Amino acid sequence: DAEKEMKHLAVDTLFDRISTAVIVGLPGAGKTTIMRHFAWKGFDKNPDSPILLVEAKNLSVKAKKNPEAHIQGKDTSNTKDIFSVLTTLFLCPGIDPPDLSHKEKSQIEETGIALNQCWQERRLIVLIDAIDEAPTLALRRWLAAAANHLMGELCPADSETNPDNLPLGRCYLSLRVVEMEGEGGLAFPHA
């Protein structure tokens, strides 16, 4: 049966033994608290590992011309594109890509390249919190596809049975349980 068994683990055990996971729960259940704990735990374990904590509810796509311009033409199977989008949404909220200054574009490019390099070295911890609270359906789907790609690259298959071989890099995301149900629900085969 291809369906995965849902597991219940202590938060620290999850972080120590599994490199990818989807944290699912009801509103107020502590998903954001877990993600913030993972950020702290990652820094505590290795202060040199960069941590990217993206709280989707704070992403702004209030761009006047095209609210989804940041993700158009960006490939969710290309880590350079993934980190470029996350950097743009985080550093320059609400600005249409064509309206970014040369300095902003340069900062985004440099940050995206640095994050991608850290990811390739398996040192980056990516935490995408409250994916279901991203401001548009298209962005939620884009973030879900990007997270699936990142999780797939970490090859979590034997991480639980051999946690000593677990890379420093991680990818976790959180969402409310309702987002995984029904025809329009999000699926995460690599978690």
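Isoleucine 51 has isoleucine 125 as its bridge partner in strand E3, where strands (E, at least two residues) and helices (H or I, at least four) are DSSP runs numbered from the N terminus. This is a predicted model, in which local features need pLDDT of at least 70, side-chain atom pairs count only at pLDDT 80 or more, and totals for chains, interfaces and linings use all residues. Residues are numbered from 1 along each chain as its sequence is written, and side-chain values use heavy atoms, with hydrogens and water left out.

The pairing of E2 with E3 is parallel and rests on five bridges, and two strands are said to pair if DSSP finds at least two bridges between them. E3 also pairs with E4, again in the parallel sense, over four bridges, and here isoleucine 125 stands opposite arginine 170 of E4. Five of the five residues of E3 are buried, a word that means under 20% relative accessible area, while exposed means over 50% and partly exposed lies in between (1.4 Å probe, protein chains only). In a regular strand the side chains alternate between the two faces of the sheet. In E3, Ile125, Leu127 and Asp129 point one way, Val126 and Ile128 point the other way, and all are buried.

Helix H4 (residues 102–120) has 19 residues and reaches 27 Å from its first C-alpha to its last, close to the 27 Å expected, a span worked out as 1.5 Å times one less than the number of residues. Buried in H4 are Ile108, Gly112, Leu115, Asn116, Cys118 and Trp119. Seen down the axis of H4, these buried residues fall within an arc of 160°, so they line one face of the helix; the arc is that of the directions from the helix axis to the C-beta atoms. On the other side of H4, His102, Lys103 and Glu110 are exposed. The buried residues of H4 pack against E2, H3, E3, H5 and E4.

Phenylalanine 83 belongs to helix H3, and it counts as buried because its relative accessibility is 0%. Leaving aside neighbours within four places in sequence, phenylalanine 83 is in contact with several residues, including Gly112, Leu115, Asn116, Trp119 and Val126, where contact means heavy atoms within 4.5 Å.

As for confidence, the protein averages a pLDDT of 80, and 76% of the residues score at least 70; pLDDT is the predictor's confidence in each residue, from 0 to 100. Where pLDDT is low, the predicted coordinates should not be read in detail.
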